[in-house]
Structures are given as C-alpha cells and as structure tokens.
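Reader: Could you walk me through this one, with the cut-offs spelled out as we go?

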Amino acid sequence: TLLPYTTPFRSIYLMMEGSASAPLNAVHSLYRRDAGGAWVRQAMKGVDQDTGGPALAMAVDPTNRDKLFLANGDRLFVSSDGGSNFSQTPFGSVFGPNGLRWVNGLTINPLNAKQMLISTHDRELFQSLDGGSSWSATDLPAVGQTAVAFTAAHVYVATFGQGLQRSADASGTDFAPYGNCLADPVPSSLAIDPSDPQQIFV
C-alpha cells in the first residue's frame, strides 16, 4: 500500500508486507517519507498483528499528516505521531464474534475526516461517522468491495458482482447501481477527477 499525503504537506506512507527473505510472511512494515527525504521506518508500537492478522488497510487524516489509521479484521489502530505509536480500538460486536476475514481497504472522506469506510472481501461495507469510535453496516449489498471514492455529494463504491454503486448523498446510505459499469470483470480501483466529479475512472 502506497499512500500520499499531499495537502498542505508532502508526506508519503508506504506499507510493506513480508520481507526480502520471506516475502509471503504476514508481517508488515511501515515507512514514511517527508518532502522528498529518505524513507524512515516507523516503530508501529501497539500494533498487534497476531490478533486479526496484518493491519494492511491504511488511511491518513486529511487534516493532519501525523494522524494515521490502520485496520485489520479485528480492530482499528490509530497513531497521532506518524506511525511510531498506536492505540487500539476493537471493532466489538458489529462485525460478529470472529471479526472480518479480509479487510480490503480503509478510506477517509477528504472533506469530512470523521467519515470513514471499511471495505471488505465478502461482507458489508462498514461506516463510521465519528472518526472510528463506532461502526455500522451500510445498506450496500454484502458482496464485498474493491474500491471507495468520495465526492462532496456522493460515495462511490466498486463491488464484486454488483458493478459501481453510488449513495444517494454524502452520508453513505441508499446505495444504488450507477452508470453502465460492468459487474464482470470486477473493477479493481476507482478514481474521480477532483475538478469535475462527473469524470469517474474505473
């Protein structure tokens, strides 16, 4: 996972899974690069990859380059110092007793940092409206999601088998199929032109 933080700072976070000697190991490392400098590995203290698996889903607070979120199938990890130290917030009963088998992504609304979405491989799309303190399932069909994108008016989600879905408004509810995006092959990524939200790339 490669995640840039571009406004108003120039920072890039890089999450790597495995290592040179054991590339398939479920071990992850976090690096940060500021203003074109060197890549610096972050300590990630407080991230427990033995519970819920590697926390490979990552997002940065759009208002604070040092506030970083990671997620795995069991809990949300939050850092306020750029990845050196993390606190943990278990997801609780929302995801069931066994948590989530596979988290595909963690996305923060760039216009509202309190709104966060967790996309899954074979479950519902889950949303938080309080910065990750509490979560609930959206009304999107429980088919798994591959990508999420926000505009000021809607939430767009690429799904497994249901094509591109769009919410009725920015609240992330009342999803319905949008456009003529094919359900097969499955769209793997999603981007929206920030200067023209009608331009959607799948």
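Author: Let me begin with a term: contact here means heavy atoms within 4.5 Å.

Reader: What sort of model is it, and how are residues numbered?

Author: This is a predicted model, in which local features need pLDDT of at least 70 and side-chain atom pairs count only at pLDDT 80 or more, while totals for chains, interfaces and linings use all residues. Residues are numbered from 1 along each chain as its sequence is written, and side-chain values use heavy atoms, with hydrogens and water left out.

Reader: How many helices and strands are there in the protein?

Author: The protein has zero helices and 18 strands, where helices (H or I, at least four residues) and strands (E, at least two) are DSSP runs numbered from the N terminus.

Reader: And what share of the residues is buried?

Author: Of the 202 residues, 40% are buried, with buried meaning under 20% relative accessible area, exposed over 50%, and partly exposed in between (1.4 Å probe, protein chains only).

Reader: Which strands form the open sheet, and in what order?

Author: Four strands form it in the order 5-6-7-8, with antiparallel pairing; two strands pair if DSSP finds at least two bridges between them. Strand 5 (57-60) and strand 8 (87-90) are at the edges with a single partner strand each, so one side of each has no neighbour in the sheet.

Reader: Which residues touch the most other members of the largest nonpolar core?

Author: Among its 16 residues, these are F69, A71, L76, F91, L106, I118 and W135; a nonpolar core is a set of buried Ala, Val, Leu, Ile, Met, Phe, Trp, Tyr and Cys residues joined through side-chain atoms within 4.5 Å. Strand 9 (103-109) is one of the elements that give two or more residues to this core, and strand 9 gives the most, with three residues. A second, separate core of 12 residues includes M15, M44, L68 and L70.

Reader: And what does F91 touch?

Author: Not counting residues up to four places away in sequence, F91 touches A71, N72, G73, D74, R75, L76, I118 and W135.

Reader: How many aromatic pairs turn up in the whole structure?

Author: The search finds one, where rings of Phe, Tyr and Trp (its six-membered ring) pair if their centres lie within 6.5 Å, and planes under 30 degrees apart count as stacked, over 60 as edge-to-face and the rest as tilted. Y156 and Y178 form this edge-to-face pair, at 5.5 Å centre to centre and 75 degrees between the planes.

Reader: Are those two buried or exposed?

Author: Y156 is buried, with a relative accessible area of 2%, whereas Y178 counts as partly exposed at 24% relative accessibility.
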